[in-house]
Amino acid sequence: MLRTKSKTGLVFFPAFDWAISSTHPEREERLLYTQDQVFEEGLLDIDGIIEFKPDLATIQDIRRVHFSYPDEMSIATESHLISAGGAKTIGIQVLEKNIDRGFALVRPPGHHAMRVVHGARGFCNINIEAIMIEYLRQAYGVDRVAVVDTDCHHGDGTQDIYWHDPDTLFISIHQDGRTLYPGTGFHYEIGGPTAPGRTINIPLPPRTSEEGFLFTLDNAILPILEEFKPDIIVNSAGQDNHYTDPITNMNFCAQGYAELTRRLEPDIAVLEGGYSIEGALPYVNVGIIMAMAGLDYSNVKEPDYHPEKIRQSPDTTRYIEKVVREVMDVWNRGTDMRERSLAGKKFADRERTIFYDTDNILETQKETIRVCPDCSGVLRIDSETDRGRRIFAVHIPRKACRECRETGYQWYDSVDIRKYNQAILQDRPEDQYLVRTG
Amino acid sequence: MIIGLGVGGTHTDVVLIGEDCILRETKVPTDHSNLFDCVWKGLEEVTQDVPPESIRRAVLSTTLTTNAIAEGKMVETGMIVSAGPGIDPGSFRTGSHYYCVSGSIDHRGREIQPVNAQEIENVASRLLAEDVRQVGVVGKFSVRNPKHEIQIRDILGNRFENVVLGHRLSGNLSFPRRIATAYLNAAVYPIHSKFFQAVHNSLKKKGLNIPIYVLKADGGTMSLEASLHMPGQTILSGPAASVMGALPFASDTEETLVLDIGGTTTDMAILIRRVPLLDPVGCELGGYKTLIRSLHTHSIGLGGDSTVRIVNGSLKIGPDRQGPAMAYGGPAPTPTDALFVLGKATNGNMEASMRGIRNLADQLGISSEDTAHLIFDQACHEILAAAATMIEGINSKPVYTVQEVLEGHQVRPREILVLGGPAPFFAFRLASLTDFQVHVVPQWHVANAIGAALAKNTSEVTLFADTERGIVVAPEEEFYQTVKRDFDKKTAVGLAFELLRKKCLKEGAAETELEMEVLEEVQFNMVRDYYTSGRNIRVKVQIKPGLIPEYRDIAERLFNFCPLPGAT
């Protein structure tokens with residue numbers, strides 16, 4: 001009789017009746033063969049693996065994370081609510097100690113969804129991990145969280161949401177942004193002025209294989225986690241680093257994903273991308289589930305797996321060693337950088353444009369944060385799209401000091417609403433979300 | 001006339017049913033060491049002086065295979081298992097004659113690694129040397145492509161008494177369950193076939209050349225001949241028989257909880273508008289998780305004869321049974337004894353019951369009557385709690401489409417049907433403890449035999465098509481064909497119905513019983529390189545479980561008893 005080492009929860013939600021469009025990678029068929037493989041392997045019958053029905057995320061859950069324009073239900077479909085709800089279900093079960101760890105094998109994904117949402121980017125509408133994390137913080141008082149994003153694409157949405165949060169360590173390991181969507185995630189992207197070094201980007205060169213991923217894990221990710229000491233580790237478990245993935249250029253494999261999961265020991269894993277629906281996902285998902293459960297996955301392999309054919313070159317190995325050194329340097333300088341930025345300006349600005357590739361929207365953002373010595377600082381965002389929609393958003397962080405709270409309300413109350421479609425205040429300490437319409 | 005026979009833990013019940021009433025009923029003590037004799041005795045009693053040609057059929061629900069599995073009394077069985085990559089197939093070992101061989105098929109049914117004939121030849125030699133006569137052959141994803149299982153069977157040839165192929169047993173995915181199911185079917189084959197051949201021959205000898213049907217775990221029947229191919233289907237037909245016996249009295253507009261309160265256990269099941277709810281994957285028995293289609297039943301170790309004791313100052317009922325109630329000479333107090341103390345039961349040794357309950361009462365420091373009340377109420381509460389847990393389990397079953405999540409259908413029974421020994425007493429108390437409508441099943445004492453008699457044939461067909469590969473396969477039906485690109489869901493459903501119809505008639509169903517319905521029909525657009533390359537279609541159809549149509553409408557009347565002369 002098979003029995004797991006750790007009690008492992010699984011939410012499986014393949015959304016067999018939902019697609020971005022009928023031939024889009026994010027379509028009904030995506031998890032069909034994964035379901036076949038998971039069912040045929042009998043994983044759900046194994047003593048110690050428990051399947052849960054996903055909850056639906058609520059509007060309030062989304063409002064802890066996003067500023068959605070014009071409103072949440074215009075941004076998220078029911079499928080997104082189930083997908084975020086599935087992640088939340090696993091989080092709840094872990095914190096209720098009904099399971100030791102769990103995997104939300106859900107779609108659609110969410111790690112490209114940023115704090116402000118005007119539409120879909122990179123197949124993502126709402127950030128399912130962030131929605132789960134902020135729910136767990138609200139309901140269970142979880143404080144320090146590490147998100148390790150192992151999707152092949154830079155998790156720019158999660159990075160944006162936690163850019164100013166010193167209590168959330170965001171580590172993204174991905175194919176170099178010079179060669180892949182969304183084109184960001186360089187090692188010098190380290191977090192905002194109140195949270196420098198809490199964003200860690202590890203861009204890996206194309207054709208990185210198992211060796212390179214595990215080297216990075218052992219020499220950067222694990223030592224950083226060891227020092228950060230998170231209450232929970234969340235893995236954004238994208239599976240598009242696979243050697244058969246049609247939209248990326250990496251050489252990772254099911255054995256590697258399973259081994260990475262075993263070493264990382266995430267409390268919660270959430271599926272992100274991965275579009276090799278036949279050649280990779282069935283095997284990678286089985287490998288991840290077994291690794292989480294502490295089962296022997298040594299025989300979980302793709303039918304066409306030949307490690308020697310996909311092994312990375314010595315040049316790639318040397319390049320990765322250099323990247324890891326740079327990353328560790330960023331991490332080690334984190335405290336210094338924070339002190340330096342506190343000694344600088346009282347308010348810091350950031351201006352950028354964000355392209356919503358899925359919905360073809362261009363957004364321009366002006367962001368101002370109060371560089372606060374007592375908390376992570378109140379934030380305001382002036383966001384305008386090329387369709388002429390403009391919102392003014394204020395985020396009062398979870399542990400805001402009195403002054404930042406007052407500043408936030410003052411910004412919100414005094415904004416000239418005639419210039420905007422909406423003014424929104426997200427008051428995390430009070431778990432409130434206020435909207436004024438212009 | 002129809003004969004229904006239900007073997008129970010203590011008694012074997014047999015009924016002879018006519019057009020509008022029970023003509024005869026008899027009870028024979030069950031002798032598990034000689035099941036044939038008690039079955040035969042029962043059959044003889046109800047058929048005495050009955051013209052053989054007037055008997056249309058006999059349906060038997062036995063504990064033969066169930067007990068063989070539960071008690072581990074199965075014959076040595078060889079298993080040949082080909083897995084390919086994935087979980088180590090050694091984890092699913094069924095016994096010492098378990099051989100993992102090469103060969104692998106992927107999730108779409110493509111051959112990844114061929115069968116090695118020499119390897120199979122070697123396994124066959126070893127099995128023969130080990131004197132193994134029964135063999136199960138199972139491949140991972142064999143329901144998507146049965147080629148390897150068939151090849152292995154062909155290599156084994158006719159050197160074994162019986163070879164069970166995994167893909168023929170169920171169209172559902174689950175390699176470990178397929179292994180367990182093939183193993184059980186092979187391992188109970190000799191005991192099952194010997195028993196039913198004996199019944200068949202004995203009836204024939206008596207001039208009773210009547211068709212024999214066997215009840216299955218899903219509450220349906222199959223012909224004796226069909227059961228020889230899948231004897232595993234007969235496990236757990238006992239609880240199924242009782243549920244089918246309760247069926248005519250269930251509401252046809254509501255959901256119903258059926259409670260069969262026996263001596264040792266209480267078995268529960270759910271009816272949805274008179275249709276029994278099936279287990280989504282397959283039943284579990286004796287530690288084996290199988291793909292055997294069965295009613296969704298739940299059993300707890302609490303019945304009329306459960307031992308009542310004081311543990312840490314409070315009452316504990318069951319889960320063991322040490323014997324009958326003290327009122328009937330048993331060694332320990334039971335809920336039945338509580339009924340005696342409360343004056344609800346009378347035809348036994350009241351003194352003994354009083355003694356047993358008083359002993360418990362003294363330990364609790366309350367009166368005997370209060371103790372009896374406490375026992376009775378606690379038994380009711382525990383049964384209701386277990387039912388609630390079962391229903392919760394049914395309702396928390398995950399679903400995989402947005403629509404199903406949003407619809408979120410929940411099972412909420414508003415009616416309880418009670419059968420079994422203490423049924424009337426329990427029904428009364430359950431009614432006052434809940435807001436359910438509670439009814440006692442009339443003739444509850446032979447409900448299992450009646451259920452067996454009136455159950456109709458049930459079957460299921462699973463069909464899988466992949467138009468990119470150009471194949472359609474219905475594994476259980478030995479159906480494997482090529483299809484053109486235009487094969488679609490509608491055609492698939494039509495084909496599945498056709499196969500189902502054929503299967504049922506072969507299993508001995510009458511034309512009138514073929515009430516077919518679709519359980520699942522999904523079609524996925526397969527896209528490769530941004531272009532549609534085919535369709536992936538999955539269809540499951542079934543014969544709705546229920547009672548044979550001619551009797552369905554008059555089933556209620558059947559529960560009148562109008563004895564034929566000569567009945568015991």
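These notebook entries record what I looked up in the predicted model of chains A and B.

**Entry 1. Conventions**

I number residues from 1 along each chain as its sequence is written, and chains are lettered from A and ligands numbered from 1 in the order in which they are written. The model is predicted, and local features need pLDDT of at least 70, side-chain atom pairs count only at pLDDT 80 or more, and totals for chains, interfaces and linings use all residues.

**Entry 2. Where chain B touches chain A**

I looked up the contact between the chains, two residues being in contact if their C-beta atoms, placed from the backbone, lie within 7 Å. On this count, 34 residues of chain B are in contact with 36 residues of chain A. Helix H5 (175-187), helix H12 (402-407), strand S26 (516-528) and strand S27 (531-543) of chain B each give two or more residues to the side that touches chain A. Helices (H or I, at least four residues) and strands (E, at least two) are DSSP runs, numbered from the N terminus. S26(B) provides the largest share of that side of chain B, five residues.

I then sorted the residues on the side of chain B that touches chain A: 18 are nonpolar, 10 polar and six charged. Here Ala, Val, Leu, Ile, Met, Phe, Trp, Tyr, Cys and Pro count as nonpolar, Asp, Glu, Lys and Arg as charged, and the others, Gly among them, as polar.

**Entry 3. Domains**

I took domain bounds from an automatic or database domain assignment. For chain A the assignment gives domain 1 (3-335) and domain 2 (345-437). The centres of these two domains of chain A, taken over C-alpha atoms, are separated by 27 Å. Their contact takes 22 residues from domain 1 of chain A and 30 residues from domain 2 of chain A. The side of domain 1 of chain A that touches domain 2 of chain A holds 10 nonpolar, seven polar and five charged residues.

For chain B the assignment gives domain 1 (2-69 + 191-243), domain 2 (77-187) and domain 3 (460-544). I note 34 Å between the C-alpha centres of domain 1 and domain 3 of chain B.

**Entry 4. Buried helices of chain B**

I checked burial next: a residue is buried if 20 or more other C-beta atoms lie within 10 Å of its own, exposed if 12 or fewer, and partly exposed in between, with C-beta atoms placed from the backbone. Helix H8 (residues 237-246) of chain B is largely enclosed by the rest of the structure, because 10 of its 10 residues are buried. Among them are B:Pro239, B:Met244 and B:Ala246. Helix H14 (residues 447-454) of chain B is mostly covered, with eight of its eight residues buried. Its buried residues include B:Ala447, B:Ala452 and B:Ala453.

**Entry 5. Nonpolar cores**

A nonpolar core is a set of buried Ala, Val, Leu, Ile, Met, Phe, Trp, Tyr and Cys residues joined through C-beta atoms within 7 Å. Which members of the largest core touch the most other members? I found B:Val15, B:Ala246, B:Val418, B:Ala452 and B:Ala453, out of 137 residues. This core draws at least three residues from each of domain 1 (2-69 + 191-243) and domain 2 (77-187) of chain B.

Leaving aside neighbours within four places in sequence, B:Ala246 is in contact with B:Val258, B:Leu417, B:Leu419, B:Val441 and B:Ala447.

**Entry 6. A:Val270**

I located A:Val270 in strand S10 (residues 268-271) of chain A. A:Val270 counts as buried because 30 other C-beta atoms lie within 10 Å. Not counting residues up to four places away in sequence, A:Val270 touches A:Ala87, A:Ala104, A:Ile128, A:Glu129, A:Val234, A:Ser236 and A:Ala237.

**Entry 7. Backbone details**

Most residues other than glycine have a negative phi, and most peptide bonds are trans. I therefore listed the following cases.

- The peptide bond from A:Tyr69 to A:Pro70 is cis, with omega near 0°; A:Pro70 lies in the loop between strand S3 (67-68) and helix H3 (72-75) of chain A.
- B:Gly318 and B:Pro319 are joined by a cis peptide bond, omega being about 0°; B:Pro319 belongs to strand S20 (residues 314-321) of chain B.
- A:Glu265 has a positive phi, near 50°, and is partly exposed, with 16 C-beta neighbours inside 10 Å.
- B:Arg273 has a positive phi of about 45° and is exposed, with 11 other C-beta atoms within 10 Å.
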